[in-house]
Amino acid sequence: ACCFEIAEVWRTGEEESFLSHQPVHLDGSCNGLQHYAALGRDEWGGSAVNLTPSDRPQDVYTVVLNIVKQKVDKQCAIVLRPRITDDGEE
């Protein structure tokens, strides 16, 4: 089928306007998250799943990991800080 379409393009000479019916596989980054970001017009989320131009590919899992690490560090600092009692002792 692909060969027939290529022959048709060559026959017509209309490379720019030819409508192909061949399936094209596209690979996405976290496709479900891409859909949510696009539907919600979420620019931050869209950049995390490569919907916006960037100098290098983004990895949403690393973005989420860094947020989680910050929250864990903050929580650990609260839990592990010395507690001062009413009498001034730790």
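These are my notebook entries on what I looked up in this predicted model.

**Entry 1: overall layout**

I started with the secondary structure and found four helices and zero strands in the protein. Reading along the sequence, I wrote the pattern down as α-α-α-α. Next I checked burial: of the 90 residues, 10% are buried. For the surface, I noted that the protein exposes about 8300 Å², with carbon and sulfur atoms supplying 57% of that area. I also looked at contacts between residues at least 6 apart in sequence, and 8% of these join residues at least 24 apart.

**Entry 2: salt bridges**

How many salt bridges does a search of the whole structure find? I got one. My reminder to myself: side chains of opposite charge can pair when their charged atoms come close. The partners here are Glu8 and Arg11, with 2.6 Å from N to O. Where do they sit? Both belong to helix H1, which covers residues 2–12. They are three residues apart there, so about one helical turn separates them. I then looked up how open each partner is. Glu8 is partly exposed, at a relative accessible area of 29%, while Arg11 is exposed, at 61%.

**Entry 3: positive phi**

Most residues other than glycine have a negative phi, so I kept an eye out for exceptions. Arg41 is not a glycine, yet its phi is positive, about 50°. I placed Arg41 in the loop between helix H2 (31–39) and helix H3 (43–48). Is Arg41 buried or exposed? Its relative accessible area is 75%, so I logged Arg41 as exposed.

Asn50 went into my notes too: it is not a glycine either, and its phi is positive at about 65°. Asn50 lies in the loop between H3 and helix H4, the latter spanning 60–80. With a relative accessible area of 25%, Asn50 is partly exposed.

**Entry 4: cysteines**

For the cysteines, I first recalled that a disulfide is a covalent bond between the sulfur atoms of two cysteines. Using a cut-off of 2.5 Å between sulfur atoms, I counted zero disulfides. Cys3 is in no disulfide, and the cysteine sulfur nearest to it, that of Cys2, is 5.8 Å away. Cys76, by contrast, is partly exposed, with a relative accessible area of 36%.

Key. Residues are numbered from 1 along each chain as its sequence is written. This is a predicted model: local features need pLDDT of at least 70, side-chain atom pairs count only at pLDDT 80 or more; totals for chains, interfaces and linings use all residues. Side-chain values use heavy atoms; hydrogens and water are left out. A salt bridge is a side-chain nitrogen of Lys or Arg within 4 Å of a carboxyl oxygen of Asp or Glu. Helices (H or I, at least four residues) and strands (E, at least two) are DSSP runs, numbered from the N terminus. Buried means under 20% relative accessible area, exposed over 50%, partly exposed in between (1.4 Å probe, protein chains only). Contact means heavy atoms within 4.5 Å. Accessible areas come from the Shrake-Rupley method with a 1.4 Å probe; for residues, only the protein chains shown count as cover.
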